[in-house]
Amino acid sequence: MQIIGTVITGIGTVFLCLGGLGVFRLPDVYNRLQAGTKCTTLGAFLTIIGVGIMHPDWLSKTLVIALFILITNPISNHALGRASRKSGVPLCDRSVVDKADEFEEYKEKQ
Amino acid sequence: MVDFVFLIIITSGVVLCLLRMLKGPAAPDRAVAVDTIATITTALLVLLGSIFERYVYLDVALVYAVLTFIGSVAIARFLEKGI
Amino acid sequence: MIIVVSFLIVLMLIGAIAASIFRDLISAVIAAALVSLIAAILFYFLQAPDVAMAEASIGAALTAAIFIIAVRRTKRYEE
């Protein structure tokens with residue numbers, strides 16, 4: 001049980017470090033949002049569940065924390081992405097498609 | 001010993017996000033970096049509770065997760081022009 | 001353990017200096033929130049979880065929200 005929990009926690013910490021690397025390296029706010037949401041949500045989930053498996057009598061509270069992160073982290077990052085889109089942050093010059101513009105044209109046509 | 005390696009890996013992720021926070025051209029970049037740091041820190045608090053072997057310390061992680069969510073949503077509402 | 005603590009203290013100092021030199025006030029508020037996030041981890045290392053809880057709640061959420069309301073009523077960029 002101890003070994004399984006340690007392995008799961010290790011995988012989670014590696015995902016957290018890769019999320020930080022993605023936030024540092026990627027060229028654009030929206031790309032950084034993607035790295036900062038997906039990697040850190042999976043990494044935090046695996047780390048917290050791994051700690052719960054290491055100590056089996058802590059499992060209920062760690063499950064509550066993990067479920068809370070799994071719900072709130074995409075919500076807050078979606079709010080940030082919508083806010084940066086509304087405040088006019090440009091896309092990077094290598095991006096090829098912008099679905100939000102197409103959606104606005106579609107809404108004007110209706 | 002393994003726990004110490006985990007702490008070093010998580011702290012290097014915090015350092016990379018902080019470099020982006022210093023470098024980022026506008027306010028939304030910095031908000032994204034600080035939100036990522038908040039999520040990484042919640043996992044770090046749970047791992048430290050496991051290292052110190054105290055059950056009470058998990059409450060701090062729960063409160064932390066709730067309140068940083070409120071802060072991020074407040075910053076996002078400001079950037080969207082209207083609080 | 002002492003290596004991680006000294007590392008976090010250096011990060012907190014960098015955040016505080018950045019909060020004092022940013023000209024965009026929203027960026028300064030975000031950097032101040034970062035400082036109190038790291039201060040919560042340091043209180044946690046000092047075996048004081050109640051102080052860490054108070055620091056996280058007041059510093060990260062309430063101070064940021066109140067400063068944002070104040071910036072909204074005045075102007076955003078410092079000249």
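**Reading helices and chain contacts**

Me: How many of the 21 residues of α2(C) are buried, and how do I read that?

Reply: 16 of the 21 residues are buried, so α2(C) is largely enclosed by the rest of the structure. Here a residue is buried if 20 or more other C-beta atoms lie within 10 Å of its own, exposed if 12 or fewer, and partly exposed in between, with C-beta atoms placed from the backbone. This is a predicted model: local features need pLDDT of at least 70, side-chain atom pairs count only at pLDDT 80 or more, and totals for chains, interfaces and linings use all residues. Residues are numbered from 1 along each chain as its sequence is written, and chains are lettered from A and ligands numbered from 1 in the order in which they are written.

Me: What share of chain C counts as buried?

Reply: Of its 79 residues, 38% do.

Me: How many helices and strands does chain C have?

Reply: Helices (H or I, at least four residues) and strands (E, at least two) are DSSP runs, numbered from the N terminus. Chain C has 3 helices and 0 strands, so going from the N terminus you read α-α-α. The C-alpha trace of chain C spans about 45 × 25 × 10 Å along its principal axes.

Me: How many residues of chain C and chain B make the contact between them?

Reply: Two residues are in contact if their C-beta atoms, placed from the backbone, lie within 7 Å. The contact takes 27 residues from chain C and 30 from chain B. On chain C, α1 (2–21), α2 (25–45) and α3 (49–73) each give two or more residues to that side. The largest share, 12 residues, comes from α3(C).

Me: Which classes of residue make up the side of chain C that touches chain B?

Reply: Count Ala, Val, Leu, Ile, Met, Phe, Trp, Tyr, Cys and Pro as nonpolar, Asp, Glu, Lys and Arg as charged, and the others, Gly among them, as polar. That side has 23 nonpolar, 2 polar and 2 charged residues.

Me: How many residues of chain A are in contact with chain B?

Reply: 43 residues of chain A are in contact with 37 residues of chain B. The largest share of the chain A side, 15 residues, comes from α3(A). By class, that side has 20 nonpolar, 19 polar and 4 charged residues.
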